[in-house]
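Try each task yourself before you read its solution.

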Amino acid sequence: MSSPRASLSGFPELLPDQHIVEQHVVDTLRHTFELHGFAGIETRAVEPLDQLLRKGETSNEVYVLRRLQAEAGEADAGMGLHFDLTVPFARYVLDNAGKLEFPFRRYQIQKAWRGERPQEGRFREFTQADIDVVDRDELPFHFDVEVARVMAEGIAALGDLLPPMRLRVNNRKLIEGFYRGIGAPDPSRVITIIDKLDKLPAQAVADLLIEEGGLTDAQAKQCLQLAEIEAADVGFADQVRSLAVTDPLLETGIDELVSVVEGCASVNSDRFQVVASLSLARGLDYYTGTVFEIYMDGFENLKSVGGGGRYDALASDGKTSYPGVGISFGVSRTLLPLIGRGLLRGSRSVPSAVLVALADEESRDTSNAVAQRLRANGVAAEVAAAPQRFGKQIRYAERRGIPFVWFPGAEGAADQVKDIRSGDQVEADPGSWTPPGDDLRPAVLKEDP
RNA sequence: GUGGGCGUAGCUCAGUCGGUAGAGCGCCGCGUUGUGGUCGCGGAUGUCGCGGGUUCGAAUCCCGUCGUUCACCCCA
């Protein structure tokens, strides 16, 4: 099967047997989110530009809405397509604060748009799956653990369809407290510089820390030592403390990060691992505590395929603030590279499990009746388009991946159903026959690289 | 948004020095008209991404554009 196609750069479109993969993943995530009591919502595609651009989000390329019949020189509508689901959600919470029950747990699986240059795994239109919890005034910390666990379960529920994933976790309080503790003049500046560690060599980052971060050689070295710490268990805490920096915020951050790592311990497996990663910073400035990023083994070139964190001040009406914590999974970013490389595809291009053969046009009613009886039992069935030779009707099914062909019995003979993969053909009654469970619906097939 | 590579049949690709387009797979037909796949025989693959330019002549050279991909940037 071919790569995802796009007649417009960055706006991918899938073929039916590719779309099945995305549908399956979305359905699985939704099921897990709902098992955990998250309520589904959908927000409008459009937000006022001042909402989208606040918080210094100027770096995001926003698509702006404009009427086709606008007068020349007329200003745009002041609205743009949302570029993520977190900012619209914060707005939604403020708009509906009087009607929502807090803490409010929601999932949201929707398209988002960014006007950036496309690349593999990076699109102008893409689907994200977000879960967030918000509360009024205060949000208990255990929700930081919960959102990580729920997303981990959702991904784990996909079995081995996706490559192994790593959830890297850090804490803004920890690193800010550390930088403050060593006497850094501008801790937040240090965060943005440290964030470059994955593309610049350590020495270059150290130079930046000294030149732009205003640190001494010794301070820069301490920052790099902190950033090197990575552990799949709470052992990272001792490593941080061995650096002998003291600061109350640092201690809070260590405690919080320990809680997340401990709380997620039971979701660890060979396919999903939670790792404390002290170099993780994330570019967005609204995160105030826990920060997450999801990485997919073997696809490090994609950078993170998901991310999120705790934001204590994203939504506020002036009197009340609505702190939240959430995590987002990049459905398009993850799946389209896998689909495009042929690693994932649907087992068939149509939902039909059965093609009911058509002997001649006069017996179309008979074949239709068979299909209706199958459908009544939940078996997806279609009737052959034309009364071609049965060999061609079988081929019609084979092309689409339909596993069974049904032959209505002629002149009182019993009906027969043929498994076209094995060639086995047996008598069957359309009122009671069902295919093996695996064949009832299209499945997602995984091919090893 | 900046810079580089690539774009030929449904797919993977070849195409020499500029001389008017090929292979494999797949597809269609027939052998076999109510049972596909194997095999045999036959057939069609096409705006050489698109537009313009140079030339007697362009898939080939030049420019632009669109798509794609990589690196920046940024992030899902």
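**Exercise 1: Gln128 and its surroundings**

Leaving out residues within four places in sequence, Gln128 is in contact (heavy atoms within 4.5 Å) with Phe83, Asp84, Leu85, Gln108, Ile109, Gln110, Ala112, Ser328, Phe329 and Val331.

Before going on, note that this is a predicted model, where local features need pLDDT of at least 70 and side-chain atom pairs count only at pLDDT 80 or more, while totals for chains, interfaces and linings use all residues. Residues are numbered from 1 along each chain as its sequence is written, chains are lettered from A and ligands numbered from 1 in the order in which they are written, and side-chain values use heavy atoms, with hydrogens and water left out.

Task: Is Gln128 buried or exposed?

Solution. Step one: find Gln128 in strand 5; strands (E, at least two residues) and helices (H or I, at least four) are DSSP runs, numbered from the N terminus. Step two: read its relative accessible area, 10%. Step three: apply the cut-offs, which are under 20% for buried, over 50% for exposed and in between for partly exposed (1.4 Å probe, protein chains only). Gln128 is therefore buried, because its value is 10%.

**Exercise 2: Thr86**

Task: Which residues does Thr86 touch, not counting those up to four places away in sequence?

Solution. Step one: go to helix 3 (residues 86-95), where Thr86 is found. Step two: list its partners, which are Asp130, Tyr286, Tyr311 and Leu314. Step three: check the accessibility of Thr86; at 10% relative accessible area, Thr86 is buried.

**Exercise 3: The surface near RNA strand B**

Task: Which helix gives the most to the surface near RNA strand B?

Solution. Step one: collect the residues with a heavy atom within 4 Å of the strand, the meaning of "near"; 40 residues surround RNA strand B. Step two: look at strand 5 (125-134), strand 10 (306-311) and helix 13 (390-400), each of which supplies at least two residues. Step three: helix 13 gives the most, with seven residues.

**Exercise 4: Lys303**

Task: What is the phi of Lys303?

Solution. Step one: locate Lys303 in the loop between strand 9 (290-296) and strand 10. Step two: its phi is near 60 degrees, a positive value in a residue other than glycine. Step three: compare with the general rule that most residues other than glycine have a negative phi.
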